Amino acid sequence: MPDGASDPGAPGRAGTDPAPAGELALLGAVQRAVAHPPVVAAARGMSLFGEHAAGWLAIGLVGAALDRPRRREWLGSAAAVALAHGTSIGVKRVVRRRRPQHPSVRVLVGTPSRLSFPSSHATSTTAAAVLYGGLLGRPVTPVLVPAMAVSRLVLGVHYPSDVALGSALGAAIALGSRRWLRRRATKPPTNSLTNSLTSRVRTGRSTGKADS
């Protein structure tokens with residue numbers, strides 16, 4: 001079991017802590033409803049896959065290797081996923097919201113930091129779902145994003161707003177990156193040789209007109 005994780009069946013501490021309210025109450029309700037051992041095991045697997053966006057970046061590289069005609073699009077999409085993840089880390093360090101801490105919340109997995117907002121897992125997963133789903137021509141977002149979002153609540157490491165706004169951030173970066181990648185793909189290639197030849201042709205035409 002990772003450091004800092006507690007037993008899925010362990011009850012919260014009894015004491016004088018105030019009753020959970022707002023997001024803490026919702027988080028506790030989610031855990032009570034679905035944090036059963038098989039679900040927790042699946043959520044931990046998703047946590048490992050999405051740590052530092054490593055699993056999603058690996059998929060992007062595999063796509064680039066297998067789909068050679070669209071290799072640049074796959075690599076560009078993987079870079080956008082990395083950008084989304086990095087942006088979420090930057091926001092975390094600015095906001096500095098602490099992860100949920102209350103006896104009613106069970107922390108069921110270790111985390112690399114104590115910062116909570118936004119969820120980097122939700123951010124990178126949404127970016128990957130939007131970008132890779134577009135390349136595959138399949139609507140994977142409705143499947144992948146809710147699953148990852150709920151898994152972060154099941155594990156007790158994020159507030160609901162962390163995953164909701166993390167997903168919004170990932171979607172915004174993915175959509176902006178996809179527009180930029182499409183413009184790059186449709187832009188006619190240019191290079192110094194082409195520019196030189198074009199310039200010579202134009203010069204020749206101009207000289208011919210002057211001589212006539």
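**Reading the labels**

Analyst: Happy to! From the N terminus on, the elements of the protein run α-α-α-α-α-α-α-α. Please keep in mind that this is a predicted model.

User: How many helices and how many strands does the protein have?

Analyst: The protein has eight helices and zero strands.

User: Why is V39 called partly exposed?

Analyst: Its relative accessible area is 34%. Buried would need under 20% and exposed over 50%, so V39 falls in between and is called partly exposed. You will find V39 in helix 2, which covers residues 37-50.

User: What makes the nonpolar surface patch?

Analyst: V34, V39 and V150 make this patch of about 180 Å².

User: Which share of the contacts joins residues at least 24 apart?

Analyst: That share is 79%, taken among contacts between residues at least 6 apart in sequence.

User: How do you know what confidence the predictor has in the model?

Analyst: The mean pLDDT of the protein is 86, and 80% of its residues reach 70 or more. Over residues 1-14, however, the pLDDT is below 50, and this stretch has 27 contacts in the model beyond near neighbours in sequence.

Methods
Residues numbered from 1 in each chain as written. Predicted model: local features only at pLDDT ≥ 70, side-chain atom pairs only at ≥ 80, totals over all residues. Heavy atoms only, no water. Helix = DSSP H or I, 4+ residues; strand = E, 2+ residues; numbered from the N terminus. Contact = heavy atoms within 4.5 Å. Patch = residues over 30% accessible without salt bridge, like charges linked within 9 Å, V, L, I, M, F, W, Y side chains within 5 Å. Areas by Shrake-Rupley, 256 points an atom, 1.4 Å probe, with all protein chains shown as cover. Salt bridge = Lys/Arg side-chain N within 4 Å of Asp/Glu carboxyl O. Buried < 20%, exposed > 50% of the residue type's maximum accessible area, 1.4 Å probe, protein only. pLDDT = per-residue confidence, 0-100.
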